[in-house]
Amino acid sequence: MTVSSYFLPASVPEALGLLGEHGPELLVIAGGTVAMPLINEGISLPGRVMGLRRAGLDRVERAGAELRVGATATLTQLVGQGDVPLLAEAASRTASWSVRNMATVGGNLFTPPPGGDVATALLALDARVVVAGPAGERTLPLTAFWTGFMTTALASDELVTSIIVPLDEGRTAFLKFGRRRANTPAVVTVAAHATLEHDRVVSIRLALGAAAPHPVRLTRAEAVVAGSSLEPAVIDEAAALAAEDADPVADAVASDWYRRRMTGVFVRRILEQLAGRAGRDA
Amino acid sequence: MRIQGSHRFTAPPEAVFAAVRDPAVLLAVIPGCEQVAEVAPDEYEGRILLRLPGAIGSYRTHVRLVDVEPPVRAGLEGRVEGAMGTVDGRADFVLAPAGTGTAMDYRGDGRIAGPLARLDSRFAERLAGSLIDQGLRALDARLAMEDHE
């Protein structure tokens, strides 16, 4: 079976209508950078496909204290926005120019590990996901979006329409470790957002990508760091907890052992970066 | 493809074992399950629709319970078949009382054939593990809900 129908709706209501009409066997794609390689390889064999590129979901706009990122905004658009430097950096470290021109922010939420660099940054930024369905819109925190490896809380008749990023004050950092400098899948990705008062950490969000079934918050490491002044002993403990909490899978990029080990190393480095200290070797 | 894992249920082993043989329960808790019917004693057929990023597939499933020792252990032999390939395999689970609940241990082996086999087997194992975990969590929630009714 090959693709027999391709739909290109011009609005969200039209897209939801098509989804309702054709049911859950309609494959929904945006940039197609996840789906098309699978289809071309003959691994994925959808009969009907709906592309969201013309559905009017590609805007990136500031609205008060939030950045609203349309689900089909490309990673290149994220690189070009100046409101959230962490997102620009995460997007710029993802894949290549040609892929970034096609890949979308919404699609990055569905990219299985070791993908999902932008999703990891969004998690550190406490982003929310706006989902549209037959009953209207609902918004859920990104922490509740993923339910397992390649599975999400999205119902079969729903679409992700936008991602809302709070423009909180604070320091941010993003570290991606791959086998090459550019255009490389991650061994591990770490993103952080912290607010500090006179060198004391008031609050911190640490997100880990590529070393878990989906991007996850490192809550035990966060709890150790919150309230501290990022002393070396605190950083050591947080890095050790992060490595313990990683749940990596082995693939052609790295073994699970190595990913766990690098989780500790890169959580240490990102905390040292937040503290304004040069990184030490692990 | 090899799978193994464990799960804790708040319900006792008898309730967990009965639920695993109830088509209505299976329909409700298996991710993407669209139909299931008992075609012979301890033999089930069904259809599962998997919606994954970039891939959607409908799978016919045929599963038979074997070596049944209620409420302690059973094996599941079967075949999952769709346009993306087939999985033939067997899984075994053991239930043990744990406080007022149940501890389940399971392990299984599957042979993947067809286009699906082009995926890294570690990828398929992780996906299978995730779907099993989701199903067992749903089963636990359903049994806990029944207990409160």
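The sheet here is open: in chain A, 3 strands line up as β1-β3-β2, with parallel pairing. This is a predicted model, where local features need pLDDT of at least 70, side-chain atom pairs count only at pLDDT 80 or more, and totals for chains, interfaces and linings use all residues. Residues are numbered from 1 along each chain as its sequence is written, while chains are lettered from A and ligands numbered from 1 in the order in which they are written.

On terms, helices (H or I, at least four residues) and strands (E, at least two) are DSSP runs numbered from the N terminus, and two strands pair if DSSP finds at least two bridges between them.

At the edges of the sheet sit β1 (5-7) and β2 (26-29) of chain A, each pairing on one side only. Between β1(A) and β3 (residues 48-51) of chain A, which run parallel, there are 3 bridges. A:S5 has A:R48 as its bridge partner in β3(A).

Next, helix α4 (residues 85-92) of chain A. Its buried residues, meaning 20 or more other C-beta atoms within 10 Å of their own, with C-beta placed from the backbone, are A:L86, A:L87, A:E89, A:A90 and A:A91. They pack against α3 (75-80), α5 (97-102), α7 (117-124), β10 (159-166), β11 (171-178) and β12 (186-197) of chain A.

Last, A:D245, in helix α9 (residues 232-245) of chain A. Is A:D245 buried or partly exposed? Partly exposed, because it has 19 other C-beta atoms within 10 Å, and that class lies between buried and exposed, the latter being 12 or fewer. Leaving out residues up to four places away in sequence, A:D245 touches A:L218 and A:R220; contact means C-beta atoms, placed from the backbone, within 7 Å.

How values were computed. Contact = placed C-beta atoms within 7 Å.
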